[in-house]
Amino acid sequence: MKRSEATKRIEGLLARVVGGEGSYLLRVREVWIFGSYARGALEVGDVDLAVEFDQTKDEAGRWFATLMAGGFDHLGALRRELRGNQRTLEIHFNELEDLRKEGFAPRLLWRRGDSLEEAHARLGVLAPDASAQRAARDTVHPLLAEVEKLIPRPARQEFSLFMWSGWLEAKLIELALFQC
């Protein structure tokens, strides 16, 4: 996708956040950008955003359990409110510190209380750079490295977040083949 199109999609997300309409948008505290767009790439595969939002540890646990049981994905609902019908906005929830630990350098676009103009000004500072390369792909918790393709992306992200946050402990076990 060309940078100009990616910029329009980011601006749409920022307008939705500033507007604050919906069940979840009022919880958003900050929106950060990182990856190839933030480095100035003229073409991007997607736009990487880190969204910090209000969520209690208990609520996070209930939401994760509901998702794993095949129920409602609350983060999916927040994701839809944020990006609308734009599939090219890759959103990482409450992972800002983890992204920094992984070597990313997120740049602030919006903080609760900022105007849309302030957010647009921050976005405008991210200048195009013809030499910028593609961003590194998502990382997942090492426990999932061998099975990551078998787990839907939202669940992978949530699982990894919970493991890195210390909210969940798990281990992989090999099951014996069952024969009738």
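Which residue of strand 3 is the bridge partner of Val51? The legends below treat this pairing and other close-ups of a predicted model.

**View 1. Strand 2 and its neighbours.** Phe93 in strand 3 is the bridge partner of Val51. Strand 3 covers residues 89-93 and runs parallel to strand 2, joined by 5 bridges. Strand 1, residues 28-34, pairs with strand 2 in the antiparallel sense over 6 bridges. Within that pairing, Glu30 stands opposite Glu52 of strand 2.

**View 2. Phe34 with Phe104.** The structure holds 3 aromatic pairs. In one of them, the ring centres of Phe34 and Phe104 lie 5.1 Å apart with planes at 65°, so the pair is edge-to-face. Phe34 belongs to strand 1, while Phe104 sits in the loop between helix 5 (96-101) and strand 4 (107-111), so the contact ties together parts 70 residues apart in sequence. Phe34 and Phe104 are both buried.

**View 3. Phe162 with Trp167.** Here the ring centres are 5.3 Å apart and the planes meet at 80°, so this pair is edge-to-face. Phe162 is buried, at 4% relative accessible area. Trp167 is partly exposed, at 35% relative accessibility.

**View 4. Arginines over rings.** Arg3 lies over the face of Tyr37, 3.8 Å from the ring centre. Arg100 lies over the face of Trp32, at 4.9 Å from the ring centre.

Notes
Residues numbered from 1 in each chain as written. Predicted model: local features only at pLDDT ≥ 70, side-chain atom pairs only at ≥ 80, totals over all residues. Heavy atoms only, no water. Pairing = 2+ DSSP bridges. Helix = DSSP H or I, 4+ residues; strand = E, 2+ residues; numbered from the N terminus. Phe/Tyr/Trp six-rings, centres within 6.5 Å; stacked < 30°, edge-to-face > 60°. Buried < 20%, exposed > 50% of the residue type's maximum accessible area, 1.4 Å probe, protein only. Lys NZ or Arg CZ within 6 Å of the ring centre and 35° of its normal.
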